[in-house]
Amino acid sequence: MLHFEKASDAVGIIATGIDLKTITDAEFAEIQKQFFDHGVIFFRDQEMTEEDHIAFAERWAEIEVNRFFAAVPTHPQIALVLKEPDQTKNIGGGWHTDHSYDQIPAMGSILRAIDLPQTGGDTLFASMAAAYEALDDDTKAEIADLKATHSSRHIFGYGAAEAGEVGERFSNADKATQDAIHPVVLAHPVTGRKAIYVNAAFTTGINGLSEDDSTALLQKLYAHCMQEQFSYRFEWQPGSIAMWDNRSTWHWALNDYHGQRREMHRITLKGVPLAA
Ligand SMILES: O=C(O)CCC(=O)C(=O)O
Ligand SMILES: [Fe+2]
């Protein structure tokens with residue numbers, strides 16, 4: 001029987017008693033509701049092929065192919081999130097939300113464990129809705145109408161240090177050109193719940209503030225959002241799947257398994273324009 005249990009107070013829901021290959025429409029509706037209410041949904045013991053992964057993703061939305069990640073050779077819709085034993089840099093190794101550099105950021109991603117290290121390689125998730133709600137009223141008022149600029153240039157563009165270290169796992173540097181402007185506090189497109197929508201990886205500044213003021217405010221928000229009470233640490237097992245909502249969460253792939261191999265498959269889903 002489909003059952004849900006909170007992963008932590010602030011973020012994440014664990015679904016059990018379900019095989020994602022055979023879910024009914026009623027079960028899918030329940031999964032959707034839990035996902036949007038909790039920001040991340042976790043599944044265990046899923047025996048899936050690449051086709052099953054794609055079919056589950058397509059129940060949610062159209063697939064958005066990430067233009068910078070190498071794809072699984074046989075399945076161009078699936079991004080490869082890989083670290084080989086001789087590589088030192090991993091993908092997603094710092095707090096971020098995916099695709100905030102796009103005009104219409106991807107709504108979320110479905111990450112499937114393929115090959116896990118013996119130890120380490122957990123992923124942290126944090127609720128930006130819980131973080132917003134815990135702000136003091138003055139800060140809420142200060143950021144209410146602000147907008148921020150997000151970019152892919154410094155991560156995926158030509159000469160980006162990150163892209164250099166990741167090597168051929170990233171490509172298409174010539175497509176890291178457009179920046180995007182989004183509200184600092186967004187109203188979630190499905191739930192209406194407010195969330196902080198800036199992140200240290202892709203946000204380059206707060207519009208209308210001096211560089212110093214922008215940096216100071218962003219640092220203050222990041223320090224607040226990084227507090228442990230807003231986050232949950234997910235330990236992967238063979239068959240695990242995590243699906244997160246980019247509009248209400250951050251995530252961080254821990255890079256603590258040097259010398260071991262970790263391979264994940266990610267499908268990203270198309271989103272909608274964001275508003276305050
Ligand atoms: O490998 C992970 O756990 C997550 C990596 C990441 O940031 C992503 O796939 O978007
Ligand atoms: Fe990511």
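Predicted model: local features only at pLDDT ≥ 70, side-chain atom pairs only at ≥ 80, totals over all residues.
Residues are numbered from 1 along each chain as its sequence is written, chains are lettered from A and ligands numbered from 1 in the order in which they are written, and side-chain values use heavy atoms, with hydrogens and water left out.

Reader: Which strands each supply at least two residues of the shell around ligand 1?
Author: The shell takes in residues with a heavy atom within 4 Å of the ligand, and its members include Val 81, His 96, Trp 244 and Arg 266. Strands here are DSSP runs of E with at least two residues, and helices are runs of H or I with at least four, both numbered from the N terminus. The strands that each give at least two residues to this shell are β16 (249–253) and β17 (262–269).

Reader: What percentage of the area of ligand 1 does the protein bury?
Author: Polar contacts are pairs of N or O atoms within 3.5 Å, and an oxygen atom of ligand 1 lies 3.1 Å from a side-chain N or O atom of Asp 98. For the side chain of Thr 123 the corresponding distance is 2.6 Å, and for that of Arg 262 it is 2.7 Å. By the Shrake-Rupley method with a 1.4 Å probe, ligand 1 taken alone exposes 290 Å², and the share of this that the protein buries is 99%.

Reader: What is the volume of the largest pocket, whose space ligand 1 takes?
Author: Ligand 1 takes the space of the largest pocket, where sitting in a pocket requires more than half of the atoms within 2 Å of its grid points. The lining has 27 residues, with Ile 91, Gly 92, Gly 93, His 96 and Asp 98 nearest the centre. The volume, as the space filled by probe spheres set on the points, is about 340 Å³.

Reader: Which element gives the largest share of the lining of the second largest pocket?
Author: This pocket holds about 170 Å³ of space, and among its 16 lining residues Phe 36, Asp 37, His 38, Ala 129 and Arg 193 are the closest to its centre. At least two lining residues come from each of α1 (25–38) and β12 (194–196). The largest share, three residues, is from α1.

Reader: Which strand gives the most to the lining of the largest cavity?
Author: A cavity is a set of grid points where a 1.4 Å probe fits but cannot get out, and the count comes to one cavity of 30 Å³ or more. The largest cavity has a volume of about 40 Å³, and its lining includes Val 81, Leu 82, Lys 83 and Arg 262. The strand that gives the most, with three residues, is β6 (residues 75–83).

Conventions. Polar contact = N/O pair within 3.5 Å; in protein donor to acceptor, adjacent residues only side chain to side chain. 1 Å grid on protein atoms, 1.4 Å probe; cavity = no way out; pocket = protein on both sides within 12 Å on 5 of 7 lines; lining within 4 Å.
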